[in-house]
Amino acid sequence: MSAITVNVNPKTLVWAREELGFHLDDVANKIKKDVNIIQDWEMHGKDLRYTDLVKLSKLYKRQVPVFFLNDTPAKATKPKDFRNLSIESKGLSPDAMLAIRRTKRYLDLYREYTPANQLAEQYKWVQEIKDHRNNGLEQALRDLLDVPIDEQKKRKNKTLKFWRNRIEEKLGIFVFQFPVDSHEFDGFSYIADGVPFGITLNSKVAEKRKIFTIFHEIGHIIEGTAGICITNTSRDTQQIETRCNKFAATFLMPKEEVATPSSFEELQQHADELGASKEAYLIRVHDLKLIKDSDFNKYMTTILQINKKIAEEQRQKNKDKDGFAPRDVVSKSQRGEKFFDFVLEAYDANRISPAVVRDVLDLKLVGLGRFDR
């Protein structure tokens with residue numbers, strides 16, 4: 001029996017590949033085809049084996065019907081890249097491009113099903129906070145989130161889950177997280193298409209760093225300069241990155257709450273009280289000129305050694321892990337409760353189709369909604 005062949009839109013093949021940042025050689029290696037064959041498909045779109053098209057759809061994480069569209073979909077707008085990249089950098093990986101694509105897709109879906117006046121009301125806080133610029137943006141944000149510093153210090157309020165839920169509830173900002181190579185970026189904010197706004201975190205970095213990144217990205221959103229960031233400590237970072245780092249540090253570690261540590265153990269204790277990382281607290285102390293350069297360098301060396309050891313232990317732990325988390329737990333962890341609940345509520349109200357639910361939540365429908373009641 002001869003193989004089934006199909007004709008597709010060649011421009012859509014190019015679009016799908018470039019949306020994930022793959023080169024022709026990457027695709028050829030992954031689906032075990034000569035690069036000239038891939039190139040011919042993208043030039044003419046003719047006589048593809050259907051089984052090869054299925055392989056491409058899985059690689060590009062697109063549904064097969066997409067490749068038969070007459071009109072090629074628009075490219076996702078990438079946030080501005082604020083990372084300190086070297087000349088040799090190859091740019092964003094397919095995992096990073098997928099995180100950007102998902103973020104745009106989820107925000108587009110919420111915008112499509114939410115009245116414009118509701119969206120405008122939801123984000124009035126941005127201008128209101130800007131109006132408080134002279135009196136302190138950080139305190140204005142703290143008041144809006146309704147988290148006095150004493151509340152922040154409580155054990156249950158030092159978690160990513162607490163801050164994520166509060167930000168989604170009070171600010172209407174969606175907070176997503178997806179696994180991306182830990183050296184590529186800490187997170188990015190997405191405002192390219194207007195409201196609603198989103199922040200996407202790299203789920204592979206440490207929790208306290210994620211919390212700092214969230215507030216760094218809120219700084220970007222307030223400034224209207226959203227982009228892809230590494231919240232590092234380099235003194236040669238761009239001015240915008242420096243301002244956003246300062247905004248996050250000032251919010252999480254107000255000046256009046258920062259004390260000079262007399263030992264490394266005391267440094268760790270002070271950082272833990274505020275739910276900040278040792279590295280972030282040390283930098284804050286140094287920026288406030290509460291510590292000598294020699295002590296800063298000594299403590300930072302110790303922190304980097306500890307972080308390296310923890311990272312290695314975590315890699316080994318992940319390697320040895322036998323169990324797995326249920327898919328619904330993973331889906332909600334990646335998309336956040338606000339978006340996850342929005343999709344299910346829209347599904348229950350017959351406003352979105354089962355296909356959309358499967359697409360955006362990456363879940364089967366059993367147990368999720370109206371078909372099971």
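# Salt bridges, exposure and a pocket

User: In this predicted model, why is Asp295, at 22% relative accessibility, counted as partly exposed?

Analyst: Buried requires a value under 20% and exposed one over 50%. The 22% of Asp295 lies in between, so Asp295 is partly exposed. Lys298 receives that label as well, because its relative accessible area of 47% also falls in between.

User: What makes the pair of Lys298 and Asp295 a salt bridge?

Analyst: The N to O distance between their side chains is 3.8 Å. The limit for a Lys or Arg nitrogen and an Asp or Glu carboxyl oxygen is 4 Å, so the pair qualifies. Side chains of opposite charge can pair when their charged atoms come close.

User: How do you know that about one helical turn separates Lys298 and Asp295?

Analyst: Lys298 and Asp295 both belong to helix H15 (residues 293-320) and are three residues apart, which means a separation of about one turn.

User: What makes Asp108 a salt-bridge partner of Lys104, and what of Arg111 and Asp108?

Analyst: The closest N and O atoms of Asp108 and Lys104 are 3.2 Å apart, and for Arg111 and Asp108 the N to O distance is 2.7 Å. Both values are within 4 Å, and therefore both pairs are salt bridges. In helix H5 (residues 94-112), Asp108 and Lys104 are four residues apart, about one helical turn. Arg111 and Asp108 lie three residues apart in H5, again about one turn.

User: Why is Asp143 called exposed?

Analyst: Its relative accessibility is 52%, which is over 50%, so Asp143 counts as exposed. Asp143 is located in helix H8 (residues 137-145).

User: How do you know that the side chains of Asp143 and Gln139 make a polar contact?

Analyst: Their separation is 2.8 Å. The cut-off for a pair of N or O atoms is 3.5 Å, and the value is therefore within it.

User: Why is Thr12 called buried, and which residues does it contact beyond its neighbours within four places in sequence?

Analyst: Thr12 has a relative accessible area of 0%, which is under 20%, so Thr12 is buried. Thr12 is found in helix H1. With those sequence neighbours set aside, its contacts are Val66, Phe67, Leu69 and Thr72.

User: How much space lies in the second largest pocket, and which residues are closest to its centre?

Analyst: The second largest pocket holds about 810 Å³. Of its 30 lining residues, Lys61, Arg62, Arg101, Arg105 and Asp359 are closest to the centre.

User: Which helices supply at least two residues of that lining, and what is its make-up by class?

Analyst: Helix H1 (10-19), H5, helix H16 (327-348) and helix H17 (354-361) each supply at least two. H5 gives the largest share, nine residues. By class, the lining has 16 charged, 12 nonpolar and two polar residues.

Definitions and conventions
Residues numbered from 1 in each chain as written. Predicted model: local features only at pLDDT ≥ 70, side-chain atom pairs only at ≥ 80, totals over all residues. Heavy atoms only, no water. Buried < 20%, exposed > 50% of the residue type's maximum accessible area, 1.4 Å probe, protein only. Polar contact = N/O pair within 3.5 Å; in protein donor to acceptor, adjacent residues only side chain to side chain. 1 Å grid on protein atoms, 1.4 Å probe; cavity = no way out; pocket = protein on both sides within 12 Å on 5 of 7 lines; lining within 4 Å. Points joined across faces, edges and corners; volume = space filled by probe spheres on them. Nonpolar A, V, L, I, M, F, W, Y, C, P; charged D, E, K, R; others polar. Contact = heavy atoms within 4.5 Å.
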